[in-house]
Amino acid sequence: MNRRTILRLACLSAMIAGSLAISCGGGGGSGGGGIIVPPVLTATFTAGPPSPAPAMALSLEPGAAMDADFDVDVMVTGAFADFFGAGFRVTLPPSVNFLSSSSAGSFILAGGAATQFSAVLQGNEILVVATRIQGSGGTYVPGVDVGAGNSAKLLTLSFQATAPTTGAFTIGAPRQIETCNDGTETCSAVADGAVSWVGGSLMAAAI
Amino acid sequence: MAFTLVLTLGSANAATIYVSTTGSDVVGCGTATVSACASIQFAYDSEAISNDEIRVLPGTYNECVEAWGFPLYPASPPSLSDKPVQIVADAFVASGDNTATTIDGTGICDGVGNTALPTVTIGGTGAEFRGFTVTGGGRSGVFSQGGVAITNNLITGNASVTGGGIYVFAGSCYYAGDPVAVIADNEVTLNTVVAPTTGPIGSGDGGGIYVSAESNEQNLTPPIGELPCLFRGDPDITVNGNTVTQNTVANTNLDPIDGVTPLSSFGAGIYALTNSATTGTSQVTISGNSVSNNNVLTGTQGFGGGIWASTFGFGTETIEILDNTVDSNSATSDGGGISAWLTQESFGVHSFLVDGNTVTDNQAGGNGGGLDLLGFARDVGIGQGHTYTASNNDVTGNSSGDFGDGGGIAIEYETQRTTDDPALSHPNPADSLGFVVTGNNVQNNTAGLGGGGMIVSATANGDPDSEAPSCGIPLPASIDLDISSNLVLNNQADGESGIIPPIDVIGAGILILPTAVHTSRVTVNVDTNTVAGNNLDFGFVGGIEIQASTPDDACIAGNLGDVEFNLDSNVVADNSGVGVGGPPPGAAQLTVTVTNNSVTGHADQDYEAACANPPCLFAADPPPGNITADPLLDPVTYFPNVCSPVFDAGAGFFLSPDVNADDAIDGLDILAIAVSNGSSTGQPRFNMSTDLNRNGETDGDDLANMASQFGDICP
């Protein structure tokens, strides 16, 4: 293997590690004409299967994306009556870093209820909770209705692919959805089998 | 006898009377700033009527103001011209500056070549004193009686025999209604109290602030020589948001009877007393104050370097000491930081709450470097009872005396029957009186002797007269002590090795001394505490020590009391010496129940099951139903890790935020709190397993606790 090949392999390795500013060059000889654009890692998240998500589902849907960074919107598909909160785990494929979570625009903020959003990485799982909080002093807070055929955003999870990869995002146990009925002022867990927990898949490639 | 009240009512449109250093004390002065009076006293005496405002313009006023606001006695017949006024500094109103307007009694009433008087005396219902600097008083800076508001002043450099900076007597005899006094947002600093050594000698209390809430019985026909009490009201005093620093008390007097016993002084920073007649109610709330560097001077037997407060009377009395910051104060006797005493007799109903205070780096010459908590009930009956709770206090870095106990907290609790005469005491003795110590953080305190973190001494004595030959009829006298959910960490008990015989240290973490005399009962419940890292220089038990006593009675031999010691669900780890122990019960009637504890990591025994004179306190190490496993305490919070073996799903409650016990703090645990939030015991949504701090309700504190551990998973 000649020294030029060794250098090119080293440059490619640096690119994969994220040092995209390195221009690895190519062609023959130094001083060659033209600007060399290094390959960019681009991540594409695809929802499902099934897609679209069925009724009474909590699903992972593609959000905003740029290059290796991509968002996954956690959506709730109706008909869900009195949706109060959800706790679940998302298993990640290899070569994906979890960056952050965002509650902006979440439908469970409706009515100004206090809420709790948390997402923390443990190994290759993210423990997630997004829920309304019952009121202080015993004030009752009902859940939020998501009508049939409607889809509402619960929260957004942000990721970064770190290498070319394909893999699945799955929503696993323990997982639970709570509802709080405004008529009876009682709360209860939705049976796990009554909910469709729909994940997605990632493809990240250098383009 | 019917009594006609003659009251001077305030005008619906209260006037403002101006005072200026450039003014003139002439009749009619003060209607405008340009025609201001020259002195506050003239404005009060000549121009003000009830509820007027005396607005004082910036400058220094060398005078001692008397604005009593109610009639002084003796006066025959008494005049009820009540003239309370508001004395307000204009500069404070304009810009919040309380240093621009000074009332200075130096050379006039400071007691140097003149009669010692307060710089400002103000009284009467609805009176107010606000926004001044007050100095040079010889008998307090601000002296007050009645329902007065004293706010936003700087009170400094005053002296007195009692109440150096501020003296408040909210008694009820001389004005109608319930006196409500507020002492708020003042800075009270560098004031001195020295008990007089000649004439009527007093105790010399309250270096910074002295408050007394007295509810007296109306008495219009007093005995000859006594003053009448015209009204009966229930006083309520609030001491809130003040900064009380560098005040002192001193007292060199001896008891005139024996000539030997030193008289005591109380409260170098703040002194507070409730004292009510049988049908009266009095209340004092001390909250949100910063109390620091106040000292009982050497040579004085003094209690309560920062705060001293006590109930005292026969009525319904309440004292609350809440959310204060108390640091670097000193007492020569007990209570370097706070001394809080509940003293109740016969028909009184008293309650005391010491909650949420931060008590640091205080020094006691006696017991209780941080907190000195005393509960005393004599001849108290069923239905009266009292409650004493010390909860959620941070007690750190305090020290008791070289021969004192309780570096952090010293608790002494006693109930007595002194007579079975129904004319002198309640006919039915109280079934049980209670003291609750819960949720306190007690760390890094030092005791000269025992109880580096905490000492709890409880005595129940149901024998009205234990001395032969006049033996009384014994009646039940019981005590229930609850010591729960406290964090007692890294405290030190020194012991005394330099004397002969050397004094061993006992109970570097918690020392418990229950005594039940003659058919009485003391029950001590110690549960869900974490006692770890406590150290003794030399001695035996570094964690929790109990020494029970059931002494015999001189009248009826062999009729001993009972002590019950219940130790449940505690974590006692890594203390020096023995984890949990005490001397063999011997002849004492002691019942020990120990369940669900994790005691581990002690160089000697974890549970003291081997001793020189068996049977020992415990039959085995560990006793059945207890463990010696590592509790896996978090190195910062000392809370057991979610994987800790101390969490047992079979126990009746959970402290772990792993509500569903699946070895993870995850979304399902958060959901459990989310749907229970805001509910309390007995309500449909309440879930006991989400009440992490066991206060009977699921609230933001539990959620915050769980959220802080969200994501913890056992391997």
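In the predicted model, the side chains of A:Glu125 and A:Arg89 are joined by a salt bridge, with 3.1 Å from N to O. This pair connects distant parts of the chain, since A:Glu125 belongs to strand S7 (residues 125-132) of chain A and A:Arg89 to strand S4 (residues 80-91) of chain A, 36 residues apart. Side chains of opposite charge can pair when their charged atoms come close. A:Arg89 also takes part in a salt bridge with B:Asp666, in which the closest N and O atoms are 3.2 Å apart. Over all chains, the structure holds seven salt bridges.

Across the interface of chain B and chain A, one salt bridge is found. Four residue pairs are in polar contact across this interface, both residues of each pair being at pLDDT 80 or more. On the side of chain B that touches chain A, the elements that give two or more residues are helix H3 (667-676) and helix H4 (700-708) of chain B. The most is given by H3(B), which supplies six residues. By residue type, this side of chain B consists of eleven nonpolar, four polar and four charged residues. In total, 19 residues of chain B are in contact with 29 residues of chain A. The area buried between chain B and chain A amounts to about 1700 Å², and carbon and sulfur atoms give 71% of this area.

Two cis peptide bonds follow one another in chain A. The bond from A:Gly48 to A:Pro49 is cis, with omega near 5 degrees, and the bond from A:Pro49 to A:Pro50 is also cis, with omega near -5 degrees. A:Pro49 is placed in the loop between strand S1 (41-47) and strand S2 (57-66) of chain A. A:Pro50 likewise lies in the loop between S1 and S2 of chain A.

In chain B, a backbone angle in another loop was noted. Phi of B:Asn490 is near 55 degrees, a positive value in a residue other than glycine. B:Asn490 is located in the loop between strand S45 (487-489) and strand S46 (492-493) of chain B.

Disulfides were examined next. A disulfide is a covalent bond between the sulfur atoms of two cysteines. Over all chains, the structure holds four disulfides. One of them is formed by B:Cys29 and B:Cys37, whose sulfur atoms are 2.0 Å apart. The link of B:Cys29 and B:Cys37 is right-handed, with 95 degrees about the S-S bond.

The model scores ipTM 0.80 and pTM 0.78. Chain A has an average pLDDT of 84, and 84% of its residues score at least 70. Within chain A, strand S3 (residues 69-77) has the highest confidence, at 97, whereas helix H1 (residues 3-16) has the lowest, at a mean of 35. Over residues 1-33 of chain A, pLDDT stays under 50, and the model has 26 contacts beyond four places in sequence for this stretch.

Chain B has an average pLDDT of 86, and 87% of its residues score at least 70. The pLDDT is below 50 over residues 1-11 of chain B, a stretch with 19 contacts in the model beyond near neighbours in sequence. Residues 74-80 of chain B also have a pLDDT below 50, and ten contacts beyond near neighbours in sequence are present for this stretch in the model.

Key:
Residues are numbered from 1 along each chain as its sequence is written. Chains are lettered from A and ligands numbered from 1 in the order in which they are written. Side-chain values use heavy atoms; hydrogens and water are left out. pLDDT is the predictor's confidence in each residue, from 0 to 100. Helices (H or I, at least four residues) and strands (E, at least two) are DSSP runs, numbered from the N terminus. Contact means heavy atoms within 4.5 Å. Buried area is the accessible area (1.4 Å probe) that two parts lose on being put together, summed over both. A salt bridge is a side-chain nitrogen of Lys or Arg within 4 Å of a carboxyl oxygen of Asp or Glu. A polar contact is a pair of N or O atoms within 3.5 Å; within protein, one must be able to donate a hydrogen and the other to accept it, and residues adjacent in sequence count only if both atoms are side-chain atoms. Ala, Val, Leu, Ile, Met, Phe, Trp, Tyr, Cys and Pro count as nonpolar, Asp, Glu, Lys and Arg as charged, and the others, Gly among them, as polar. A disulfide is a pair of cysteine sulfur atoms within 2.5 Å.
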